[in-house]
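These are my notes from an afternoon of looking things up in one structure.

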Amino acid sequence: MSNNIFSKDFAGRKFSLKANYVAAQADGAMLVYYGDTVVLVTAVSLKTVREGLDFLPLTVDYQEMTYAAGKIPGGFFKREGRPNERETLTSRIIDRSIRPLFPKGYYSETQIVATVLSVDRENDADIAALIGASAALEISDIPFKGPIAGARVGRINGELIANATPEMMKESEMNLFLVGRKVTPGTAGRPYDVELVMMEGEAKEVPENIIVDAIKFGLEAIRPVIDLQDEMRAAIGKAKRIVEEVATDAELLAKVSAAALPGLQEGYGMPRKLERYSKLGDVRAAVIKEISDGDAVLAKKVAAIIEHLESRILRDMIIQKKKRIDGRSSTEIRPISSEVGVLPRAHGSALFSRGETQALAVLTLGTSSDEQRMDYVGGEEMRSFMLHYNFPPYSVGEAKFLRSPGRREIGHGALARKALVPVLPSAEEFPYTIRIVSEVLSSNGSSSMATVCGGILSMMDGGVPVKDIVAGIAMGLLKEGDEVVVLSDILGDEDHAGDMDFKVCGTEKGVTALQMDIKIDGLTEDILRKALAQAREGRIHIIGKIRETMTAPRGDISLYAPRITTVKVKAEQVRTVIGSGGKNIRQIISETGVTIDVEDDGTVTIASADAEAAARAVAMVKWLTEEAEIGKIYRGTVKKIVDFGAFVEILPGTEGLLHISQIAKERINKVTDVLQEGDEVMVKVLEVDKSGKIRLSRKDALGQEPTK
């Protein structure tokens, strides 16, 4: 442990933390080594608090530098630009994991920056970055209720495995990224327990009991790096800043409660969101104005008390009175309706509504040229299935500038995409690029899960032969002491005031994607099993509702979608299909209007909404790549004349020898007595030898029409 280097074995490989070696002006700086993957993570928190701030302004930035993989960035500027999807999702994972662990009342502006300096394509940089963020906070003076650690759990051939290489994970039936936190005192004689903090992942219709086993396995796997951080903090950690708890003024609390409670309780008796928000807003504004009397500092204190009262009212309704805002039981799903074919020219469309949440999912089909190219430091990925999630301000009754997709939109879209991938047809079965866009038209909780339901319906409407129906549901949790309530299909208010947000997607067979954020300690295995079982019941109910709209995909794609025909040619014929400088491809496109993609392996994909045009293009490709057949008669062109005969092109790029003895029935002295270069001539194929040389006859084809 010299030079502040601390190491442990983590999932069978050496994992090291090197503290305060670089970035000395940061509050905490950590170089994380996992194999040849190296990540620098820094933590900085300002010593001052902006006036009037009443929340934690936390920013997490994970960035992959292309030099880490020995690459130069593309584009004109040749430098790293806006974050790619992986960077955005990893930033979100770290943010969601650490945000709940800062003490209440800590409002100093805080930033975590994780920079990938080296990648070995075997050890995941996101795991190193997450652990590095925790370690940097642990050794700093920034108050933080850690340590935490993360691992990626897979299941290969029935065996659970932690932090498998990306190549190995291709064979895994699940990919769970989970984060656990040290909680003391431990149970069963252990010094501490490791409890789940955050989880995100995908699976191939895996049963719920295996998901629970994977979580338990992953939480045990991260113990070494939790111990590592404890050792490091004990050796070099700084004293933490003191966060003074602001004592609640009992007199002010009583005064605000008396003024606000009747109106707030009335507001929470209104089941419709906008009516409820309007009432609560009016009560809030009136009480703040009445009690603060223009004092800005007092107004913030009053607002904080009102927010606490709102949360208390909602939690008491659910935990004590067993009543939800909209009158449902804890397991009841909101009313569901859906319809398909709502957009006449889209390739597929579906409108899915669940309570006050509504999503319009729109399907577009394209060719392989429409695939999305994802360029990461670990390598490239060509993505033939895309799902994009849009959350316009009107969906929550707001008026704001329209911006490019933020981290939330990217995260929700990625989760919905993971949920649907396991039921997609193979490329051989359905050689289309698939894009789904989800427009959230109205939101009151679970809009990402509505996207999953609308997404599967849009594909079924568009004739995509999906293997099964996928549905998603958002679960919530309220826990006080021994009282635990698991909520199905949560509203936005229940998410805000609750202790857990747990999204589960899947088919009737099993889970395809999940995401969980925990705000409290004490998520036991029993609670987790109950939440998953309840989510399964809700998911199957929703699948039943989807089946009322469509039981199976349509038998054919939309009239307006491109018809894709695949022609297989020999790899050596690819150049012939393309032609010199792309001449042949351009000619086919010009004459038929189709779209053509040619792969190096000889796969030619022809796409067109016009079936006749596609058939013509197929015929042209086959003509270009046709091989000479013995006994067939062709109309050829004389390309070259020699003393002993002529070379005749009978197919594009295919020539045969017409010997002088086969030109005419009678004997001729010179080839040029009968033929000239450029002449069209009918010839019959007499022989094709093993080397591909072709022997032709004109005299055997005289007076006959071509058979090809």
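Predicted model: local features only at pLDDT ≥ 70, side-chain atom pairs only at ≥ 80, totals over all residues.

Entry 1. I started with Leu-280, which I found in helix H7, residues 273-292. Which residues does Leu-280 touch, leaving aside its neighbours within four places in sequence? I listed Leu-264, Gly-267, Tyr-268 and Glu-310. Is Leu-280 buried or exposed? Its relative accessibility is 2%, and buried means under 20%, so Leu-280 counts as buried. I then looked up the distance to Ile-306, which lies 26 residues away from Leu-280 along the chain. The C-alpha atoms of the two are 9.8 Å apart.

Entry 2. Next I turned to the whole protein. The C-alpha trace spans about 125 × 65 × 50 Å along its principal axes. I read off 15 helices and 29 strands. The protein has 708 residues, and 52% of them count as buried. I also looked at contacts between residues at least 6 apart in sequence: 69% of these join residues at least 24 apart.

Entry 3. In what order do its six strands lie? I wrote down E1-E2-E3-E4-E6-E5, an open sheet with mixed pairing. Strand E1 (5-10) and strand E5 (58-64) are at the edges; each has a single partner strand, so one side of each has no neighbour in the sheet. On average, neighbouring strands here are turned by 15 degrees against each other, with direction ignored. As a reminder to myself, strands of a sheet pair through backbone hydrogen bonds, either parallel or antiparallel. E1 and strand E2 (residues 13-19) pair in the antiparallel sense, over six bridges. Within that stretch I found Phe-10 opposite Arg-13 in E2.

Entry 4. How many cavities of 30 Å³ or more does a search of the whole structure find? The search gives one. The largest cavity holds about 30 Å³ of space. Its lining is made up of Leu-46, Thr-48, Val-49, Arg-50, Leu-53, Pro-57, Tyr-107, Ser-108 and Glu-109. I sorted these lining residues by type and got five nonpolar, two polar and two charged.

Note on methods:
Residues numbered from 1 in each chain as written. Heavy atoms only, no water. 1 Å grid on protein atoms, 1.4 Å probe; cavity = no way out; pocket = protein on both sides within 12 Å on 5 of 7 lines; lining within 4 Å. Points joined across faces, edges and corners; volume = space filled by probe spheres on them. Nonpolar A, V, L, I, M, F, W, Y, C, P; charged D, E, K, R; others polar. Pairing = 2+ DSSP bridges. Helix = DSSP H or I, 4+ residues; strand = E, 2+ residues; numbered from the N terminus. Axes fitted to C-alpha atoms, helices over the stretch in contact; angles between N-to-C directions. Buried < 20%, exposed > 50% of the residue type's maximum accessible area, 1.4 Å probe, protein only. Contact = heavy atoms within 4.5 Å.
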